[in-house]
Amino acid sequence: MVMPRLRALACFILAATALLSAQNQPTIANHVRGEMSFLASDALRGRGSATHDELVAATYVASQFQSFGLEDAQLQSVPLASGATTYNAFALLRGSDPALAGQTILLSGHLDHLGVRSTADGEVIYHGADDDASGTTAVLELARALASLPTHPRRTILFVCFGSEETGGQGNQYFLQHPPIPLASIVANLEFEMIGHPDPAIGSTQLWLTGWERSDLGPTLAKHGAPLVADPHPEQHFFRRSDNFSLARQGIVAQTVSSYGLGPHYHQPTDDLAHIDFDHLAHAIDSMIAPVQWLANTNWKPAWNPGGQP
């Protein structure tokens, strides 16, 4: 009887050790909360376009890319007509298949928000937690997950967080003029913007893709597990209102993943950490990892539907 008891005790100890180890492993929810807590903190003062605060955010993102083991993690300085400078942060995960590594999936978000504004009662910070610290966090977590795979995806993945989206997209425009990889290599772009709240117009765990009817990208990703549906707010023209639009005009199939675009906190001081649905945000990011991994491994290329390219 002693040996079976010892074996049972050993199994129990091993199981308990494994459980404790799993509990100590940082989860995606932990990472999301940590990244959001920095990006949308008072210290970053709303990451105003072309401010020192936006530069701090860009530097943080580039350093995170480096910590994940990505290649060429760096800042791209963008001179503005005003004399100020905005910044893009980007890094590469090289494809593992020589036949497909020359094709690129671009995953993007934007760094900046509205910064600080003066009122009769003093300065007010527009934290931009949902717009677009949530999208920047999505790019970081997708980078972390994909870089940690035992074998890199077959296609190359370029992770970019653009500067100065809020003031006209100067970051994405400069990127198009000075791309770190040939633009012709970009097979698809998924921009992540404002995914910190569920949209009551769709299912609570769903996300929507702008310009759904314009290409076969959304329906195909949905077939491979992405919780994507058509944008339920076509009257808002969201397809034209984020970084993806400049890339789409260059012929790249480029669309934005979002949820609840114009909620009550949009461009308000209340777009802060206290109003983020962290369970929704972590689930939204986690739900896109496998579909993006599939997109980076397949030979399939998305295409514009007739009349869909702007």
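Buried means under 20% relative accessible area, exposed means over 50%, and partly exposed lies in between (1.4 Å probe, protein chains only). I start there since my opening entry is about a buried residue, L92.

**Ground rules.** I am looking at a predicted model, where local features need pLDDT of at least 70, side-chain atom pairs count only at pLDDT 80 or more, and totals for chains, interfaces and linings use all residues. Residues are numbered from 1 along each chain as its sequence is written, and side-chain values use heavy atoms, with hydrogens and water left out.

**L92.** I found L92 in strand β2; strands here are DSSP runs of E with at least two residues, helices are runs of H or I with at least four, and both are numbered from the N terminus. Its relative accessible area is 3%, so L92 is buried. Which residues touch L92, leaving aside neighbours within four places in sequence? I listed L70, E71, D72, T156, I157, L158 and I181, where contact means heavy atoms within 4.5 Å. I also looked up the pair L92 and T156: they sit 64 residues apart along the chain, yet their C-alpha atoms are separated by 7.1 Å.

**F175.** Next I went to helix α5, residues 170-177, which holds F175. F175 has 0% relative accessibility, so I put it down as buried. Beyond its neighbours within four places in sequence, F175 contacts Q76, N88, L106, L158, V160, F162, P180 and L183. From F175 to Y87 I noted 10.0 Å, C-alpha to C-alpha, across 88 residues of sequence.

**Helix α3.** I checked the length of α3 (residues 52-67): its 16 residues reach 22 Å from first C-alpha to last, close to the 22 Å expected. That expected span is 1.5 Å times one less than the number of residues. Buried residues in α3 include D53, E54, Y60 and F65. Among the elements covering the buried residues of α3 are α2 (28-39), β1 (71-79) and α4. Just past the end of α3, I saw that G69 takes a positive phi of about 90°.

**α4 against α2.** How far apart are the axes of α2 and α4? I noted 9 Å, with a packing angle of about 135°. Axes are lines fitted to C-alpha atoms, for helices over the stretch in contact, and angles run from 0 to 180 degrees between N-to-C directions. The two helices are therefore oblique to each other; under 35 degrees would count as roughly parallel, over 145 as roughly antiparallel, 65 to 115 as roughly perpendicular, and the rest is oblique. On the α2 side, the contact includes I28, H31 and M36, which meet α4 residues including A129, T137 and R144.

**α4 against α8.** I then followed α4 (residues 129-147) to α8 (residues 278-297), where the axes come within 10 Å and cross at roughly 45°. That makes α4 oblique to α8 as well. Among the residues making this contact are S134, A138 and L142 of α4, with L281, M288 and V292 of α8.

I spotted a cis peptide bond joining D131 and D132, with omega about 0°; D132 is in helix α4. H237, in the loop between β9 (228-230) and α7 (244-248), has a positive phi near 55°. H267 also has a phi near 55°, and I found it in the loop between β10 (254-258) and α8. Is H267 buried or partly exposed? At 23% relative accessibility, H267 counts as partly exposed.
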